[in-house]
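Subject: Structure handover

Hello,

Here is the structure I promised to pass on. Please open it and keep it beside this email while you read.

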Amino acid sequence: MVLSEENESPIPEKWPRVTKFVLSACAAAVAEIVTFPLDLTKTRLQIQGEAALSGHGDGGSRRRSYRGMIRTAAGIVQEEGPLKLWQGVTPAIYRHIVYSGVRMLSYEQLRESRLGRNEDGSFPLWKSGLGAMVAGAIGQFVASPTDLVKVQMQMEGRRRVEGKPPRVQGAYHAFVKIISEGGVRGLWAGWVPNVQRAALVNLGDLATYDSVKRILLQNTALQDNIKCHGLSSICSGLVAATMGTPADVIKTRIMNQPRDAYGRGLLYKSSLDCLVQSVRGEGFWSLYKGFLPTWMRMAPWSMTFWLTFEQIRRISGIRPF
């Protein structure tokens with residue numbers, strides 16, 4: 001019997017959505033591993049000097065404060081060991097498998113069908129911004145439990161240095177502990193600022209990359225290649241960091257705060273309450289704590305992600321983003 005290959009279509013054609021989800025997740029995992037130490041440094045910077053903690057009595061005189069990104073990273077290496085720069089990377093990868101897969105797939109579906117392109121094939125900026133915010137919000141809501149675990153694991157090294165007992169022993173233990181203390185709903189603690197941040201970050205990242213790439217292709221001699229992808233990703237990383245840092249600070253503080261027996265936060269009632277307390281206690285610029293490592297992470301993260309994503313799409317036979 002002769003097998004006919006004509007009826008066998010490539011996997012991307014059989015399952016285009018599944019393929020795009022997998023490719024997005026793979027590209028995000030690569031970017032996350034490469035840039036994770038900067039994410040850990042950013043988280044430590046955002047937590048240090050937290051005014052609400054001093055009023056709650058957590059930390060006291062034993063709290064160590066680092067000054068600046070480089071000294072924070074150096075302090076982690078000296079006091080906890082170099083491998084601790086990747087503490088929490090496992091749930092971070094889990095998060096991006098879900099988050100990046102969902103957000104990228106959602107954005108393309110919105111762009112190609114729900115919102116739709118113009119008759120000339122262009123995609124207006126307002127549609128791009130709306131689609132990016134909706135896609136980011138959906139992706140982050142689904143991935144919020146893994147983000148909560150990641151933040152808590154990132155702070156364990158600092159707790160040990162301060163002589164405090166560890167809260168979690170690993171990703172699985174963190175999930176079990178959160179559910180035992182706050183139920184399944186506890187896995188979505190801090191989801192509101194999480195989703196707010198994701199909407200803003202994707203407005204800066206997805207919308208900027210898509211728009212800048214189209215502008216470069218239409219108005220310059222650049223082709224749809226690595227140079228065009230690199231320039232677009234640099235712009236998207238800067239805009240995403242500028243728009244997302246305040247929401248990221250609020251999100252990190254809410255997710256890291258101590259909780260009562262019912263899983264309710266002891267420091268902040270809501271993201272608005274955290275915003276007000278932070279500005280009153282530490283000033284407006286406290287909302288941009290960790291901006292430098294955020295941008296220095298988002299820039300290489302964005303470039304690594306988009307370059308990897310575009311290349312594996314090309315290799316897989318899927319048209320460029």
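**What was found**

Helices α9 and α10 are roughly antiparallel to each other. Their angle is about 170 degrees, and their axes lie 8 Å apart. By class, this contact has 18 nonpolar, eight polar and five charged residues.

Some terms first. Helices (H or I, at least four residues) and strands (E, at least two) are DSSP runs, numbered from the N terminus. Axes are lines fitted to C-alpha atoms, for helices over the stretch in contact, and angles run from 0 to 180 degrees between N-to-C directions. Angles under 35 degrees count as roughly parallel, over 145 as roughly antiparallel, 65 to 115 as roughly perpendicular, and the rest as oblique. Contact means heavy atoms within 4.5 Å. Nonpolar covers Ala, Val, Leu, Ile, Met, Phe, Trp, Tyr, Cys and Pro; charged covers Asp, Glu, Lys and Arg; the others, Gly among them, are polar.

Two notes on the source. This is a predicted model: local features need pLDDT of at least 70, side-chain atom pairs count only at pLDDT 80 or more, and totals for chains, interfaces and linings use all residues. Residues are numbered from 1 along each chain as its sequence is written, and side-chain values use heavy atoms, with hydrogens and water left out.

**The whole chain**

How many helices and strands does the protein chain have? It has twelve helices and zero strands. Along the sequence, the pattern reads α-α-α-α-α-α-α-α-α-α-α-α.

The protein chain has 321 residues, and 51% of them are buried. Buried means under 20% relative accessible area, exposed over 50%, and partly exposed in between (1.4 Å probe, protein chains only).

**Two more helix pairs**

Two packed helices are described by the angle between their axes and the distance between the axes.

Start with α9 (residues 191-219) and α12 (residues 291-316). They pack at about 55 degrees, with axes 13 Å apart. That angle makes α9 and α12 oblique to each other. The crossing of α9 over α12 is right-handed. (A crossing is left-handed if the near helix is turned anticlockwise from the far one by less than a right angle, and right-handed if clockwise.) On the α9 side, the contact uses R197, V201, D205, L206, Y209 and K213. On the α12 side, it uses M298, S302, W306 and E310. Five of these contact residues are nonpolar, one is polar and four are charged.

Next come α10 (residues 226-256) and α11 (residues 271-282). Their angle is about 105 degrees, and their axes are 10 Å apart. Helices α10 and α11 are therefore roughly perpendicular to each other. From α10, the contact takes I250, R253 and I254. From α11, it takes S271, C274, L275, S278 and E282. The classes here are four nonpolar, two polar and two charged.

**Residues to click on**

*S278.* This residue lies in α11. Is S278 buried or exposed? At 1% relative accessibility, S278 counts as buried. Beyond its neighbours within four places in sequence, S278 is in contact with I250, R253, G283, S286 and L287. S278 and I250 are 28 residues apart along the chain, with 8.4 Å between their C-alpha atoms.

*I226.* Look for I226 in α10. Neighbours within four places aside, I226 contacts L307 and Q311. I226 and W306 are 80 residues apart along the chain, yet their C-alpha atoms are separated by 9.4 Å.

*L85.* Find L85 in the loop between α4 (68-80) and α5 (89-114). L85 is buried, at 12% relative accessibility. Not counting residues up to four places away, L85 touches F36, P37, L40, A73, I76 and V77. L85 and D39 are 46 residues apart in sequence and 8.9 Å apart, C-alpha to C-alpha.

*R17.* This one sits in α2 (residues 16-47). With neighbours within four places left aside, R17 is in contact with L105 and Q109. Between R17 and G101 there are 9.8 Å, C-alpha to C-alpha, and 84 residues in sequence.

**Cysteines**

A disulfide is a covalent bond between the sulfur atoms of two cysteines. The rule used here is a pair of cysteine sulfur atoms within 2.5 Å. By this rule, there are zero disulfides. C228 is buried, at a relative accessible area of 0%. C274 is buried, also at 0%.

Best wishes
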